[in-house]
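Trainee: I'd like to learn to read this model feature by feature. Where do we start?

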Amino acid sequence: TGDQWGYGKEDGPSAWHINYPVALGNRQSPIDIVPDETTLDRDLGPIFLDYDSCTSINISNNGHSVVVEFVDSDDRSMIRGGPLDNPYRLKQFHFHWGEKGHEGSEHTVAGLGYASELHLVHWNAVKYRSFTDAASAPDGLAVLGIFLETGDDHRWLHLITDVLFMVKYKDSVTDFKGFNPKCLLPNRLHYWTYLGSLTTPPLHESVTWILLKEPIVVSDKQLGMFRMLLFNGEEEDERKKMENNFRPPQPLNGREVRSSN
Ligand SMILES: NS(=O)(=O)c1ccc(C(=O)NCc2cccc(O)c2)cc1
Ligand SMILES: [Zn+2]
């Protein structure tokens, strides 16, 4: 029942196609971005993130990642512009990370992985009535991807790492209000964009990916806090550290990756 998938040997990315055949589809994510092979598209305008009235609700451990949910019953937190024909509503953000510094991101750049990748998940509320409806439509979702590299402490990430102990176990949730993800953006919003999918089951091919070229910098210590999270629930005997929750790059299948200036 429900999602039996994970990131282990038996239930990991190489086995997902058994229950989710679209895993072998032609617009799967993540991918390796090869900057020299992207198309500079001068018609690609800037992206706008209107998060000022955003309302975070809670932070939770869903057994695959740590997720911060937002109120998405109106247009208070939106992404627009860039490759998007409509504005899309922010629903949640979450992270993917490794166990060592050099891998952990989902997308790679010229074959190189970052330590982690932040995904801000938005849905097209102009065309679809709910996230679930949008999530299975080819233009239903827009995910903003931000790479995390290790270096100095990030001045605002502690707002998240300070509460991770509250959501150590799968299916734990705690209030998390007043957090504006704008504080997690890099200085420049130059990006790559391509058509892809959710990177976890159900792997729906419904995502317009927008990946920021400039990573944000977080410290090893801060990233290490994410590894205190567990994949398993409190009642389970086996303790499985939540790490390496990333899918490897998938075939490009001739897709175009466009670059903003
Ligand atoms: N890693 S990702 O950003 O591609 C990603 C974003 C959202 C989701 C997600 O929402 N999964 C649950 C889901 C999917 C479709 C319909 C639903 O009702 C729920 C999964 C992966
Ligand atoms: Zn993700």
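Mentor: Now the terms. On a 1 Å grid over the protein atoms alone, a pocket is an open set of points where a 1.4 Å probe fits, with protein on both sides within 12 Å along at least five of seven lines; lining residues have an atom within 4 Å of a point. Points are joined across faces, edges and corners, and the volume is the space filled by probe spheres set on them.

Trainee: What should I know about the model itself?

Mentor: It is predicted: local features need pLDDT of at least 70, side-chain atom pairs count only at pLDDT 80 or more, and totals for chains, interfaces and linings use all residues. Residues are numbered from 1 along each chain as its sequence is written, chains are lettered from A and ligands numbered from 1 in the order written, and side-chain values use heavy atoms, without hydrogens or water.

Trainee: Which classes make up the lining of the second largest pocket?

Mentor: Three classes are used: Ala, Val, Leu, Ile, Met, Phe, Trp, Tyr, Cys and Pro are nonpolar, Asp, Glu, Lys and Arg charged, and the others, Gly among them, polar. Here the lining has three nonpolar, seven polar and six charged residues.

Trainee: What volume does the largest pocket have?

Mentor: About 480 Å³. Of its 24 lining residues, Gln92, His94, Leu198, Thr200 and Pro201 are the closest to the centre. Strands E5 (66-70), E7 (88-97) and E9 (116-123) each give two or more residues to that lining. E7 gives the most, four residues. Helices (H or I, at least four residues) and strands (E, at least two) are DSSP runs numbered from the N terminus. By class, this lining holds eleven nonpolar, ten polar and three charged residues.

Trainee: Which residues coordinate the zinc ion (ligand 2)?

Mentor: Look for donors: N, O and S atoms within 2.8 Å of the metal (3.2 Å for Na, K and Ca); water is not among the atoms, so sites may look incomplete. Here His94 (NE2), His96 (NE2) and His119 (ND1) coordinate the zinc ion (ligand 2) at 2.0 Å. The donor spacing along the chain is H-x1-H-x22-H. Both His94 and His96 are buried.

Trainee: What geometry does the site of the zinc ion (ligand 2) have?

Mentor: Four donors count as tetrahedral if all angles lie between 85 and 135 degrees. The ideal is 109.5 degrees. This site has four donor atoms with angles of 100 to 116 degrees, and is tetrahedral.

Trainee: Is Lys91 buried or exposed?

Mentor: Buried means under 20% relative accessible area, exposed over 50%, partly exposed in between (1.4 Å probe, protein chains only). Lys91 counts as buried because its relative accessibility is 18%. Lys91 sits in strand E7. Beyond four places in sequence, its contacts (heavy atoms within 4.5 Å) include Glu69, Asp72 and Phe131.

Trainee: Where is Glu106?

Mentor: In the loop between E7 and E8. Glu106 is buried, at 0% relative accessible area. Among its contacts beyond four places in sequence are Pro30, His96, Glu117, His119 and Thr199.

Notes
Four donors count as tetrahedral if all angles lie between 85 and 135 degrees; four count as square planar and six as octahedral if opposite donors are over 155 degrees apart and all others between 65 and 115; anything else is irregular.
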